[in-house]
Amino acid sequence: DGHADGLLLVGEAGIGKTSLLRWACRRAAEQGFTTLETVGLEGGVPASYAGLEELVLSFPTGVVDSLDESGLLSAVLDGTVSASAARIAAAFLDVVTRYAEANPVLVVVDDAQWMDESTVSAIATLARRAEIDRVAVIAGSRSPLGWWSSTALPSIDLTGLDETSAVALLRGVTDVSESQARDCWQATAGN
C-alpha cells in the first residue's frame, strides 16, 4: 500500500514476544534487511530518546553521518538535541526512508512498554509516514500499552495454548505422559 508495515505483539511476560522478535530479526537478515533494534529499560523514567539512540547506533558505520542532513540525529547521539520531538521524528523518518531505498529496514523494539515517549513518537511517525514498502516496524509490549496505544500499529494479543493443544504438542514432541503434559500446562499457563 506504499506505507511502512508494522505490528505490535502484546502479551504477558514470558509469553514469547522476545523469541518472536528474534525470529523476525533472523528472517529479516535472511531477506537482506538491516535491522535497527532497541530495548525498553525497566524501572524509573526513561531518558528522552534513549531508544532512538540505540536505533540510530544500529545503522552501519557512517550511514547517519552521510544521510542526516539536518544533523539532528547526531545531536541525539551526543546529547545536545534541542529540537522539537516532531523535528527529531522527521529526521529519523528521512534517514530511515533514504537508507531503505537501497537497503530494506526492520525496526525492532523489545519491551516496548518501557520505551521513552520521544522514541515511541519517532517510531510512530516512521510507521505512519514512510512512503516506501522497504520499511517495517515490529514491537513487543506488555499491557498496558501506554504511549504505544497512539501509534496506530495493528496489534496481536499473544496468549498461551489451551490445555488440549498444549498436551497434544508436548506429547507429540516428547515422551511425557498425558498427566505430566497436563501438569506442565498447568504450571506454565500454556506458555
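Predicted model: local features only at pLDDT ≥ 70, side-chain atom pairs only at ≥ 80, totals over all residues.
Helix α2 spans residues 50–57, and its buried positions are Gly51, Leu52, Leu55 and Val56. Viewed down the axis of α2, these buried residues lie within an arc of 140 degrees, so they line one face of the helix. An α-helix has 3.6 residues a turn, so residues three or four places apart point the same way.

The largest nonpolar core contains 41 residues, of which Leu52, Leu126 and Trp148 touch the most other members. Two or more residues of this core come from each of β1 (5–10), α2, α3, α4, α5, β3, α6 and β4 (135–141). The largest contribution, nine residues, is that of α5. Leaving aside residues up to four places away in sequence, Trp148 is in contact with Leu8, Val109, Ala112, Gln113, Met115, Val120, Ile123, Ala139 and Leu153. A second core, separate and made up of nine residues, has Leu9, Cys25, Ala28 and Val108 among its members.

Thr119 belongs to helix α6. Its relative accessibility is 0%, and Thr119 therefore counts as buried, the cut-off being under 20%. With residues up to four places away in sequence excluded, Thr119 touches Tyr49, Ala50, Gly51, Leu52 and Leu55. The Thr119 side chain also reaches the backbone nitrogen of Gly51, at 3.3 Å. Of these contacts of Thr119, Gly51, Leu52 and Leu55 are among the buried residues of α2.

Technical notes:
Residues numbered from 1 in each chain as written. Heavy atoms only, no water. Buried < 20%, exposed > 50% of the residue type's maximum accessible area, 1.4 Å probe, protein only. Helix = DSSP H or I, 4+ residues; strand = E, 2+ residues; numbered from the N terminus. Arc of directions from axis to C-beta. Core = buried A, V, L, I, M, F, W, Y, C linked by side-chain atoms within 4.5 Å. Contact = heavy atoms within 4.5 Å. Polar contact = N/O pair within 3.5 Å; in protein donor to acceptor, adjacent residues only side chain to side chain.
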